[in-house]
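Here's a quick briefing on a two-chain structure, written for someone who likes the cut-offs spelled out. Have a look at the model first, then read on.

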Amino acid sequence: MSVKVDGTGTAALSGTCALNMVLTDNGTGDYTLTFNVPYVRVPEVIATPVTDNIVCKLGTSAAGSIQILTENLSGAATDADFHVIILGSDTADQI
Amino acid sequence: MASLMSFVTASPQYRPRVLYFGLDAGANQTATVTTVADTGVFEVQRVTAPATAGATQADYFVVSNFAGETAAVWLDIDAAGTAPTGAAYVAADYQIEVNIVTGDTATQVAGKIVAAMGATLPDVTILDNADGTIDFTSDLFGNVTAPARHNANDSGNGSFVVATQTGGVASNLNNSYFLYDTPDNSYYFWFNVASIGVDPAISGKTGVAVAIAASAADTAVASALNTAMDAQTDITSTVLAAVVTAVNTEDGAVSVPADGTAATGFAFAVTQSGVSAGLNNGKFDATVTQSDPGVYVFVFDKEYARVPEVGALSKSDNRVPRISAIDRFGVTIEMQDLSGGAAADGGFSLIVLGSDAQDAIL
């Protein structure tokens, strides 16, 4: 799945799979995406900033949700827009 | 892949399409140019005029220019003289009479010579030193025939004194040039020494004049070259002593700097070769170009039905990728330096994941 998070201003979700998860704004530079249908295993995630001078960091991840943290280049939590690509498997077995 | 397939089953309107790329960062060429000094010297010849009391009717001297044209200048005392008959006078290209009178001092005679000559002899600058001497300076580099003095029929030296003050030497740099390429321009830097150079006008290339003085030291040549190169928008240069280090601002493979047909004699070295950024791995259903340092523009061969999402991961130290623009047709990735955030070259992996369905994925 893939989505775009608009984290500056009022946080909002858009993009290809925006209806398949829910965005929670936990505070400055702290976002959680909760999947409508959890994966069977914890998925892998890539987040890439749209906002200037931002680094995205993966926080807590689980089969049903992931936490993305955004920081400026000095390491301070900063709101940002970013893309997220989530790849996972719905099988419990190892691939 | 299993996840995508099962998702398609659950959401038939999801028509995922994935593109993925590995991009190697390009490199900008860094080259050094070690300059040499200019050798050009303008010849200076000096004529010392006599006072009228020391002169004999129709004494004359002959001066030349670089092209070999000659001017013979003779003294007519109290309007009673006749032109010299000597061979050097007869053969001169320009024959100039100078009217002087009894009682004229050497300084006055010299002044009258300068006035009479005016600009008759091309490519020679005449200077009245106001002390009875006159300097004839060649406007062109190189050796000039030494001045000569005669009496009216060339049977003696007459009353003038002539001497070569400074011997002329050809300029090694005047009108010389070298070739220098950037990804966007093909330059030739040519040397205009003492403002008498002529643009070699190399076809298909951009000429940049480098103005230097005659006999400029190698460090002065390097300084002027550095100024000229750094003034170009796609070159950044620095200078240390006689060495100019030129860095192309854009990545890309280019020809190494080289002397032109009219060679400068400089030494050229490439310390970092230019390399064009390029895709090196993945599914190449897109073209990539680099618009500015650190900015990479991908254009999908086939547009998505809706704007896709993108993941990018740096392959270079101290770089973080950012999506600076995206639409259905392509994406622009800007690599930012972790120290300050300025755009800077860097390699990265890129995944583009989108859907070819217009409908929302439920």
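Let's start in chain B, where Y20(B) stands opposite I351(B) in β24(B). Strands here are DSSP runs of E with at least two residues, helices are runs of H or I with at least four, and both are numbered from the N terminus. This is a predicted model, in which local features need pLDDT of at least 70 and side-chain atom pairs count only at pLDDT 80 or more, while totals for chains, interfaces and linings use all residues. Residues are numbered from 1 along each chain as its sequence is written, chains are lettered from A and ligands numbered from 1 in the order in which they are written, and side-chain values use heavy atoms, with hydrogens and water left out.

**Around β24 of chain B**

- Strand β1 (residues 16-24) of chain B runs antiparallel to β24(B), and eight bridges join them; two strands count as paired if DSSP finds at least two bridges between them.
- β21(B) is also antiparallel to β24(B), through six bridges, and E309(B) sits opposite L353(B) there.
- β24 itself (residues 348-355) is mostly covered, with six of its eight residues buried. Buried means under 20% relative accessible area, exposed means over 50%, and partly exposed is in between, using a 1.4 Å probe and protein chains only.
- The loop between β20 (295-300) and β21 of chain B holds E303(B), which counts as partly exposed because its relative accessibility is 38%.
- E303(B) and G330(B) are 27 residues apart in sequence, yet their C-alpha atoms are 7.4 Å apart in space.

**The largest pocket**

- Its volume is about 280 Å³. On a 1 Å grid over the protein atoms alone, a pocket is an open set of points with protein on both sides within 12 Å along at least five of seven lines, and a cavity is a set where a 1.4 Å probe fits but cannot get out; lining residues have an atom within 4 Å of a point.
- Grid points are joined across faces, edges and corners, and the volume is the space filled by probe spheres set on the points.
- Of the 17 lining residues, A47(A), V55(A), C56(A), A312(B) and L313(B) lie nearest the centre of the pocket.
- β5(A) gives the most, with five residues.
- By type, the lining splits into 13 nonpolar, two polar and two charged residues. Ala, Val, Leu, Ile, Met, Phe, Trp, Tyr, Cys and Pro count as nonpolar, Asp, Glu, Lys and Arg as charged, and the others, Gly among them, as polar.

**The chain A sheets behind it**

- One open sheet has four strands in the order β2-β1-β8-β5 (chain A), with antiparallel pairing. Its edge strands are β2 (12-14) and β5 of chain A, each pairing on one side only.
- In that sheet, β5(A) pairs antiparallel with β8 (residues 81-87) of chain A over six bridges, and E44(A) faces L87(A) of β8(A) as its opposite number.
- Another open sheet of four strands runs β3-β4-β7-β6 (chain A), also with antiparallel pairing. Here β3 (21-27) and β6 of chain A are the edge strands, each pairing on one side only.
- Six bridges link β6(A) to the antiparallel β7 (residues 65-72) of chain A, where V55(A) stands opposite E71(A).

**The cavity**

- How many cavities of 30 Å³ or more does a search of the whole structure find? It finds one, and the largest cavity has a volume of about 40 Å³.
- Its lining is E43(B), Q45(B), S64(B), V124(B), F136(B), T137(B), S138(B) and V144(B).
- Two or more of these residues come from each of β3 (42-48) and β8 (133-141) of chain B, and β8(B) gives the most, with three.
- The lining divides into three nonpolar, four polar and one charged residue.
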